[in-house]
Amino acid sequence: MSGSWVFSSATFTRRSATRAGLHLVAELAKDRPVLDRSDIHASHRQQPKHLQHTAANVAERLILSRTRDHGIDLSPHGLNGLVLDPRVGIHATVLAAARRYEVDTAVMTITENAANHIAAHGQHFRQHDGTRLQYALHGHLPYDHTASLQPVHEAYRATQEVKDGFEAWFLPLVSLRTKTVTRPDQLPALFTHYMRAHMARLAEVDGAALQAVKHAVSVGNTEWITDKQALANVMANCGPALATIPWV
């Protein structure tokens, strides 16, 4: 991993008893911010400037080891009984998955609040051995209110397969475009857009249009999600099982 890593004798409190022991400690990099634009998988217009400022409000030295029952074991590094802090471990896990699939860039979907909580701990874990990790911010979805769509489902005679695709495939895409909260009263309009794209699917996929969407995805541009024809082309490429078939 990049960065400067040291073992340090640290004092911590547990159940009102103070103990001393070795811990894994990292100091924040001095030559770059905790979080900058290159760490966010988003187009220029969707950069969360507020998050870039708040993520830096942490101590300059962070303890990265914890006493927990589960986690990445640090015993091989001489830290018996300690595991990697989960805020670091989640970055290491994503990078390990990226290495397994031999990809250059791994994108972690995460809420803005969660990114604010883990960004500093992941500063030295967002790049390793030629692989880059970025955050794709997403909002919250009103899954508890999808039952209210019953009248719209009936109006479009939506099959269970179509409804499953909307909830498991399309709504997560919407959350990447609307990074705060999708309101329950927005669901009917979203389902209508989804159905219109579904009905506009062509028998043959437009290769050039699909490549344009793939490029948009690669740079974090989500405008294609609200473009009926672009969405229809992606749906045609995925086939009927939208909830289970990846397309990029």
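Reader: Which strands does helix 2 lie across?
Author: In this predicted model, helix 2, residues 86-100, lies across strand 6, strand 7 and strand 8. Its direction makes an angle of about 120 degrees with strand 8.

Reader: OK, and what's the order of the strands in that open sheet?
Author: The order is 6-8-7, three strands in an open sheet with mixed pairing.

Reader: Which strands stand at the edges, and why is one side of each left without a neighbour?
Author: Those are strand 6 (105-110) and strand 7 (127-128). Each has a single partner strand, so one of its sides has no neighbour in the sheet.

Reader: Do strand 6 and strand 8 pair in the parallel or antiparallel sense, and over how many bridges?
Author: Strand 6 pairs with strand 8, residues 131-137, in the parallel sense, and six bridges join the two.

Reader: What stands opposite threonine 105?
Author: That would be arginine 132, in strand 8.

Reader: Switching to helices: at what angle do helix 6 and helix 8 pack?
Author: Helix 6 (residues 187-199) and helix 8 (residues 228-238) pack at about 60 degrees, and their axes are 8 Å apart. That angle makes helix 6 oblique to helix 8.

Reader: Left-handed or right-handed crossing?
Author: Helix 6 passes helix 8 in a right-handed crossing.

Reader: Which residues meet there?
Author: From helix 6 you get His193, Tyr194, Arg196, Ala197 and His198, and they meet Lys228, Leu231, Ala232 and Met235 of helix 8.

Reader: And how many of the residues in that contact are nonpolar, polar or charged?
Author: In the contact of helix 6 with helix 8, five are nonpolar, two are polar and two are charged.

Methods. Residues are numbered from 1 along each chain as its sequence is written. This is a predicted model: local features need pLDDT of at least 70, side-chain atom pairs count only at pLDDT 80 or more; totals for chains, interfaces and linings use all residues. Side-chain values use heavy atoms; hydrogens and water are left out. Two strands pair if DSSP finds at least two bridges between them. Helices (H or I, at least four residues) and strands (E, at least two) are DSSP runs, numbered from the N terminus. Contact means heavy atoms within 4.5 Å. Axes are lines fitted to C-alpha atoms, for helices over the stretch in contact, and angles run from 0 to 180 degrees between N-to-C directions. Angles under 35 degrees count as roughly parallel, over 145 as roughly antiparallel, 65 to 115 as roughly perpendicular and the rest as oblique. A crossing is left-handed if the near helix is turned anticlockwise from the far one by less than a right angle, and right-handed if clockwise. Ala, Val, Leu, Ile, Met, Phe, Trp, Tyr, Cys and Pro count as nonpolar, Asp, Glu, Lys and Arg as charged, and the others, Gly among them, as polar.
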